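Open the model in your viewer and keep the selection panel at hand.

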Amino acid sequence: MIKETDTYYLNIKEPNKSTLLALRNIIFDQNKEVIEFLKFKTPCFEYRSKVFCYLWIDKETNKPCLLMQEGKYLNHPDLEKTKHKHIEIFRINPNEDLPIKKIVSILNAGLEFLEKE
């Protein structure tokens, strides 16, 4: 049976689809307690019942982004501020190799923050 989250990815066009699927795998590789579901019609990831991050496609640029729920508290140099109170964003070019070290650094900072809460 196909999960709702799987259907989301099937409906995305390349190269964004491959980028988002790779990001999804990187997120899951960081901690086996991370779970995925759709929230606001976009993939959302939780860690120990707390929202951790989202995968999103920017409507203006049509490029994928990693949104960190508590990005404001991470003080990570690669995150951009957004109009949202806590969320910060990491933009990704789907036509380039993924900056895996930066992504893992951001994700680990988010997980560490949630573990302290």
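**Stop one: Arg91**

Select Arg91 and Asp58: their side chains make a polar contact of 2.7 Å. Keep in mind that this is a predicted model. The side chains of Glu80 and Arg91 are joined by a polar contact of 3.1 Å.

Switch to the cartoon view. Arg91 sits in strand E6, residues 88-91.

Is Arg91 buried, exposed or partly exposed? Its relative accessible area is 40%, so Arg91 counts as partly exposed, between the cut-offs of 20% and 50%.

Next, show what touches Arg91. Beyond its neighbours within four places in sequence, Arg91 is in contact with Asp58, Pro64, Cys65 and Glu80. Pick Pro64 from that set. Pro64 lies 27 residues from Arg91 along the chain, yet their C-alpha atoms are separated by 6.4 Å.

**Stop two: helix H2**

Select residues 16-30, which form helix H2.

Which residues of H2 are buried? Colour Asn16, Thr19, Leu20, Leu23, Arg24, Ile26 and Ile27. They cover an arc of only 165° around the axis, so they lie on the same side of H2. Look down the axis to see this.

Finally, show what the buried residues of H2 pack against. The helices are H1 (4-10) and H3 (100-116). The strands are E1 (34-39), E2 (42-47), E3 (50-57) and E4 (64-68).

How values were computed. Residues numbered from 1 in each chain as written. Predicted model: local features only at pLDDT ≥ 70, side-chain atom pairs only at ≥ 80, totals over all residues. Heavy atoms only, no water. Helix = DSSP H or I, 4+ residues; strand = E, 2+ residues; numbered from the N terminus. Expected span 1.5 Å × (residues − 1). Buried < 20%, exposed > 50% of the residue type's maximum accessible area, 1.4 Å probe, protein only. Arc of directions from axis to C-beta. Contact = heavy atoms within 4.5 Å. Polar contact = N/O pair within 3.5 Å; in protein donor to acceptor, adjacent residues only side chain to side chain.
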